[in-house]
Amino acid sequence: MTKEEAENGRDDMVIDGAEQANAIPDGFNANYLRIYYGKLFPHADMFKWMSYGNDGKHPACDKSYFGRREFSFTLENDIYIRFQSFNSVIELENSIKEKCPFKIDIGPVYSVDPAKRHAYAGDNVFTPVEREVVFDIDITDYDDVRYCCTGADVCLECWPLMTIAIKVIDAALRDDFGFNHILWVYSGRRGVHCWVCDGKARRLTNEQRAAIADYFRVYKGNENSHKKISLPGPVLHPFLARSYTEVLKGFFEAKLLPNQSLLSSEDRYEKILEMIPDASVASELRGRWQDNKRASMSKDDINLVRWDQLKSVLQSGKQKTQGIRRCVEEIVFSFTYPRLDMEVSKHMNHLLKAPFCVHPKTGRVCVPIDPNNCDEFDPTTVPTLSQLVEELNREGLRQDAENEWDRTSLGDSIKFFRTTFLQPLLKSCKEGIESSYNAKLQQSKNTLSWTRQGFFLTAFSPLAGKHHAWLI
């Protein structure tokens, strides 16, 4: 590692998912990655996205905007190169092709060019001024509620937990906060990332970002807590009530409960019984389940029957213990509610992996996810680096292919990114630039008009010597 790279690595920045990139799977190598960056990676689309309309010829465009954005490259052998900046799409594309990074992270827009930050004196000169509101959700944080996989492993039995997280968070961002330009991206291995790109979101302070993160904060326990969820108050907050009735309850009962066999064995149902605040109620249910554990029914039947018994006991009119009737909701929230990495969302200086990177462990591309059809997303079918190279070789030069990616299984993902996310976003950005420009012009005209009027009154007043009495 060079001296400059080592120095960069010590700067006060946070990089998403600091996973070691040493173990390269079959089919992932620098040569394949070079082909990918040369033929398939959407450099121009990434540049347009990160420019937010400031790459045009409009007089109000901020020509320095893209050049103040930080990019971080992780090269082979875990060499981090931070505070990369580029002034054009050509510079960005050439650098990516030359360095062939194993991972690209995107940081904030700074007050000055991050690559030239050492040229400026003072603590407050080099500071982040804009950044998307981002969320990072990792399946490993659900290990206490899934039994099919652990760690970074994920399958179609536990992946729906990510789907539920997308549904809950996306609905709240749009309905409760009024955001429109939201991009969900598969991390390439075990989770999802969310980018909220509205102008009003990008300009939020760290305190405002923390407030949004806290709005979603329900999961407050730790691995040693029996009760990880606390739902205070006589009724649920409207956001939580909507999430529970429209998403969480149905998913828990129809999918998670039977698929993960949450009540099929003593070691599993004990975890749920421990969440009940009344020991006598928990003991009653335990006794029932131990008595009928040898009953001839399928595991699915056991889970559903026992869940119905638990709900009947907890929600009966006999229960007087404070909080016990809320316990069913707390159990569902404990097993299904999104588990966010709160620090990622709170701080403007956090870096997050760029869409369309290739994950070095799985070889899968970090493709966008349609939140309106996230139930259909299957992480096991996401194109891999080796698959894309094979498709390029197999298809050859197709006359009907407008772009190289149209010849591969990556084409649909790039089209979705463009048509559903990028084009509406840029339209909104350009309208915002035009509106702001016109408002400033009008303000300037109004100021000039009032100034002229003031001089006119002064010139024709018999009290011209007393300017303060007539100037407006």
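The model is predicted, so local features need pLDDT of at least 70 and side-chain atom pairs count only at pLDDT 80 or more, whereas totals for chains, interfaces and linings use all residues. Residues are numbered from 1 along each chain as its sequence is written, and side-chain values use heavy atoms, with hydrogens and water left out.

The chain has 15 helices and ten strands. These are DSSP runs numbered from the N terminus, with helices (H or I) of at least four residues and strands (E) of at least two. Of the 472 residues in the chain, 49% are buried. Buried means under 20% relative accessible area, exposed means over 50%, and partly exposed lies in between (1.4 Å probe, protein chains only). The accessible surface comes to about 22700 Å². Carbon and sulfur atoms hold 49% of that surface. Areas come from the Shrake-Rupley method with a 1.4 Å probe; for residues, only the protein chains shown count as cover. Contact means heavy atoms within 4.5 Å. Among contacts with a separation of 6 or more, 68% join residues 24 or more positions apart.

In soluble globular proteins, nonpolar side chains tend to be buried together. The largest nonpolar core here has 123 residues. Such a core is a set of buried Ala, Val, Leu, Ile, Met, Phe, Trp, Tyr and Cys residues joined through side-chain atoms within 4.5 Å. Tyr36, Trp49, Phe216, Ile276, Leu310 and Phe333 have the most contacts inside it. Ile276 touches Val281, Ala282, Leu285, Leu310, Leu314, Ile324 and Cys327, leaving aside neighbours within four places in sequence.

Helix H14 spans residues 385-395. Its buried residues are Leu385, Ser386, Leu388, Val389, Glu391 and Leu392. Helix H2 (30-39) is included in what covers them. An α-helix has 3.6 residues a turn, so residues three or four places apart point the same way.

The chain has zero disulfides, a disulfide being a pair of cysteine sulfur atoms within 2.5 Å. Cys357 is in none; its nearest cysteine sulfur, that of Cys366, is 5.7 Å away. Cys357 is buried, at a relative accessible area of 0%. The sulfur of Cys429 has its closest cysteine sulfur in Cys197, 8.7 Å away, which is too far for a bond. Cys429 is also buried, at 11%.

Aromatic pairs number 31. Rings of Phe, Tyr and Trp (its six-membered ring) pair if their centres lie within 6.5 Å; planes under 30 degrees apart count as stacked, over 60 as edge-to-face and the rest as tilted. Phe73 and Phe86 are stacked, because their ring centres are 6.2 Å apart and their planes lie at 25°. Phe73 is in strand E2 (residues 69-75), while Phe86 is in the loop between strand E3 (79-84) and helix H4 (89-99), so the pair ties together parts 13 residues apart in sequence. Both are buried: Phe73 has 0% relative accessibility, and Phe86 has 5%. Elsewhere, ring pairs link Phe135, Phe177, Phe179, Tyr215, Phe216 and Phe239 into a cluster.

Two buried polar side chains were examined. His43 lies in helix H3 (residues 43-51) and has 5% relative accessibility. A polar atom of the His43 side chain lies 2.8 Å from the backbone oxygen of Tyr37. Beyond four places in sequence, His43 touches Tyr37, Val89, Leu92, Glu93, Ile96 and Lys97. Asn54 sits in the loop between H3 and E2, with a relative accessible area of 14%. A polar atom of the Asn54 side chain lies 2.8 Å from the backbone nitrogen of Asp62. Contacts of Asn54, neighbours within four places aside, are Cys61, Asp62, Lys63, Tyr65 and Ile433.

Most residues other than glycine have a negative phi. Asp78 has a positive phi, near 60°. Asp78 is placed in the loop between E2 and E3 and is buried at 12% relative accessibility. Ser261 likewise has a positive phi, near 50°. Ser261 is in the loop between helix H8 (238-259) and helix H9 (266-273). Its relative accessible area is 12%, so Ser261 counts as buried.

Terms used. A polar contact is a pair of N or O atoms within 3.5 Å; within protein, one must be able to donate a hydrogen and the other to accept it, and residues adjacent in sequence count only if both atoms are side-chain atoms.
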